[in-house]
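I opened my notebook beside the model and followed the chain piece by piece. Here is what I looked up, in the order I got to it.

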Amino acid sequence: MAEQTKTKRICVTKGAHGAVLLCDGALYYNSGYKIKVKDTVGAGDAFLASLISQLLRKENPQDAINFACGVGALVAQSEGANPKLSLKDINAFINP
């Protein structure tokens, strides 16, 4: 797909099983985080916004996919589409 679309970055989300990121020819994987799902509304949007933000900041692609999966999981385990999340909360969640 990357060759056909001449795309250097492709991400495939796998729901509870995390996501895979193809970035400049290398694959990065996050297997997801164990959570108790309360509300999935907004989780995908939060994941994508986090991933794009991290990649635009030139973060390491593995760190970017870990961060995005963490944010998506935190949103899914919260009520409502826009829970308040701090960077401290996100980092504590993905790096216990």
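**Entry 1: a loop residue.** I began with S78, which sits in the loop between α3 and α4. Helices here are DSSP runs of H or I with at least four residues, strands are E runs of at least two, and both are numbered from the N terminus. S78 counts as buried because its relative accessibility is 17%; the cut-offs are under 20% for buried, over 50% for exposed and partly exposed in between, with a 1.4 Å probe and protein chains only. Leaving out residues up to four places away in sequence, I found S78 touching K38, D39 and P83, where contact means heavy atoms within 4.5 Å.

**A note on the source.** This is a predicted model, in which local features need pLDDT of at least 70 and side-chain atom pairs count only at pLDDT 80 or more, while totals for chains, interfaces and linings use all residues. Residues are numbered from 1 along each chain as its sequence is written, and side-chain values use heavy atoms, with hydrogens and water left out.

Entry 2: How do α3 and α4 pack? I read an angle of about 105 degrees between α3 (residues 61–76) and α4 (residues 87–94), with the axes 9 Å apart. Therefore α3 is roughly perpendicular to α4, a label for angles of 65 to 115 degrees (under 35 is roughly parallel, over 145 roughly antiparallel, the rest oblique). Axes are lines fitted to C-alpha atoms, for helices over the stretch in contact, and angles run from 0 to 180 degrees between N-to-C directions. On the α3 side I noted N66, F67, G70, V71, A73 and L74, and on the α4 side L87, D89, I90, N91, F93 and I94. By type, the residues of this contact are eight nonpolar, three polar and one charged.

**Entry 3: the sheet.** I then traced three strands, which form an open antiparallel sheet in the order β1-β2-β3; strands pair if DSSP finds at least two bridges between them. β1 (9–13) and β3 (26–30) are the edge strands. Five bridges join β1 to β2, with I10 partnered by L22 and R9 opposite C23. β2 and β3 are also joined by five bridges, and V20 stands opposite Y29. I checked both turns: G15, between β1 and β2, has a positive phi of about 60 degrees, and D24, between β2 and β3, has one near 50 degrees.

**Entry 4: the core.** The largest nonpolar core has ten residues: A19, L21, C23, F47, L51, L55, A64, I65, A68 and C69. Such a core is a set of buried Ala, Val, Leu, Ile, Met, Phe, Trp, Tyr and Cys residues joined through side-chain atoms within 4.5 Å. β2, α2 (43–56) and α3 each supply at least two residues, and α3 gives the largest share, four. Apart from this core I logged another of nine residues, including A43, L74, A76 and I94. F47 touches C11, T13, A19, I65, A68, C69 and G72, again not counting residues up to four places away in sequence.

**Entry 5: near the start of the chain.** Last, I looked at A2 in helix α1 (residues 2–5). At 18% relative accessibility, A2 counts as buried.

Key
Nonpolar A, V, L, I, M, F, W, Y, C, P; charged D, E, K, R; others polar.
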